[in-house]
Amino acid sequence: MPWDRNDMAARAAQELEDGFYVNLGIGIPTLVSNYVPEDYDITLQSENGMLGMGPFPTEEEIDADLINAGKQTVTELERTSYFSSSQSFAMIRGGHINLSILGAMEVSEAGDLANWMIPGRLVKGMGGAMDLVAGVQRIVIIMDHANKAGESKLLKKCSLPLTGQGVVDRIITNLGVFDVVEGGLKVIELAPEVTMEEVLNKTEATIVGS
Amino acid sequence: MKKVFSSADETLNGVLKDGMTIAAGGFGLCGIPENLIAAIKSSGVKELTIASNNAGVDDFGLGLLLQDRQVKKMISSYVGENDLFMQQYLAGELEIEFNPQGTLAERLRAGGAGIPGFYTATGVGTKIAEGKETKEFDGKTYVLERGLRADLAIVKAWKGDAQGNLTYRKTAMNFNPECATAGKITIAEVEEIVPVGALDKMQIHTPGVYVQRIFAASHEKRIEQRTTRAA
C-alpha cells in the first residue's frame, strides 16, 4: 500500500531531530506538526515573523494580529518571539533554520525544485519559497510521486521554472523516500508493498545505487 | 516639528503624486495601513508603483486601489488572494515584479539603510536572477539585488507617540519596520497615540527618526483564514 498524505507527513516527521528549528510549507507539510515525537523540543518558524508557532486558536483566542505564513490564525507559546520580515529572512537565509519541509510540482535528479509557477497559467508568486530553499540547512520535499495525469514528478530535468537549483536533499513521495546523490536519486526506503520495479516504472529520474 | 495629525486624509495632504512609488507594510491583511489605503483610494491618485508583499483582497486592503485602476505596477512576492488583480494582470493593465519574500524585505531594509545593493543566494539559477549580475563568494554563486526606496511609505503600528516612535503587535509587525525606513516620507497609522515617554524605551521597534507623520485610527483587522480548534 503506497502511503497516503498522513503517512507521508508521519514519515517526514522522522526527519526531525531534537532541538531543531523548522519551517513547514503550506499543504501536506503542515501535517508534519501532528507527528512530532512528544519528547522532542521542536520550534516552528513562520516566515511572516514568528518563532515558536502554536496550534490554531479556540474561538475565544482568535487574534487578527497573530497569523502564520498561510494567513491562518494561530497561537503563541511561552517561547514565542516576534520579529520583522528582514529579521525573519535573516534567520532563513543565514542558515539558522535546521530544516524546511515543502511541497513541490517537480524535482529533478540534480535536486532542482519547481513549485511556484506554471507558464501560461495564473502566477501567484513564490512567497518565501526561494529564500527557504536557498538558505535553510536541509530541504525535504513531500509530494505525490506522479501528477494527476500519472506522469512522474521526479524528473531528469524540471520542465517548469525553478524555485531553486540543486537545493533538495530528500524527497518523500507516496511510494517511498529518495535522496539526491551524485548521478541521480537513491532509494532510501519503500512504502509498504511498493516494489523497486514499480518505482523504476513510475520514475523518470535516474535511480542509482540500488 | 509637528508629527501628529488627526486623520489619514490630513497626513496625505500634499504628499500624493501621480506616478509615485509607495512602500506599504503588512502581510496578507495582517498589519496593513488600512486607513491610509482607503484614503489613497479616495484621493484618486493614479499610476502608482506599490511595493508590498501582497495585494490585498478584492474589497479590502490594496485591492481597493485596483478597483479604479490606480496601480500601474506591483512589487510583491505573492498575489494569489486577489481575483481583481489577476483579471487586470491577464488583461495587461497591471504590471507585476515578483520578488522573493526575503529579497523584498531585504531590498527595503537595504534601501532604508543607504545600501544600494546586496548579494543573495536566493533565486540563483531561476527566472528571478535573469539579467542580474552574479558573483561567486567562497565557491558559491550569489545574485545582486538592489536596495529599494519609496517616495512614500505607509505603515501600521500598534502604539506610537508624538515623536514618531512605534511599537508593533505580534505578527502585525511583518514588513512595517522595513517599509518605515525605506520611505522618503513615512506615514504611520496607529491604534493609539500614547504620551511621549510612555512607550518602553527598550522596546521601541521603529525609532521616531524614520516617521514624519502619525495619526490614530480604528482598524477593522479583517482575518483572511479563520482557523480554529475545539476548545
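Between chain B and chain A the count is 8 salt bridges, a salt bridge being a side-chain nitrogen of Lys or Arg within 4 Å of a carboxyl oxygen of Asp or Glu. One of them joins A:Asp63 to B:Lys170, with the closest N and O atoms 3.4 Å apart.

This is a predicted model, in which local features need pLDDT of at least 70 and side-chain atom pairs count only at pLDDT 80 or more, while totals for chains, interfaces and linings use all residues. Residues are numbered from 1 along each chain as its sequence is written, chains are lettered from A in the order in which they are written, and side-chain values use heavy atoms, without hydrogens and water.

In the interface, 51 residues of chain B are in contact (heavy atoms within 4.5 Å) with 50 residues of chain A. The two chains bury about 4,000 Å² between them, 60% of it on carbon and sulfur atoms; buried area is the accessible area (1.4 Å probe) lost when two parts are put together, summed over both. B:Lys170, B:Thr171 and B:Arg229 supply 16% of the area that chain B buries against chain A, more than any other three residues.

| Property of chain B | Value |
|---|---|
| Span of the C-alpha trace along its principal axes | about 50 × 50 × 40 Å |
| Share of the 231 residues that count as buried | 55% |
| Share of contacts between residues at least 6 apart in sequence that join residues at least 24 apart | 71% |

For residues, buried means under 20% relative accessible area (1.4 Å probe, protein chains only).

Conventions. Buried means under 20% relative accessible area, exposed over 50%, partly exposed in between (1.4 Å probe, protein chains only).
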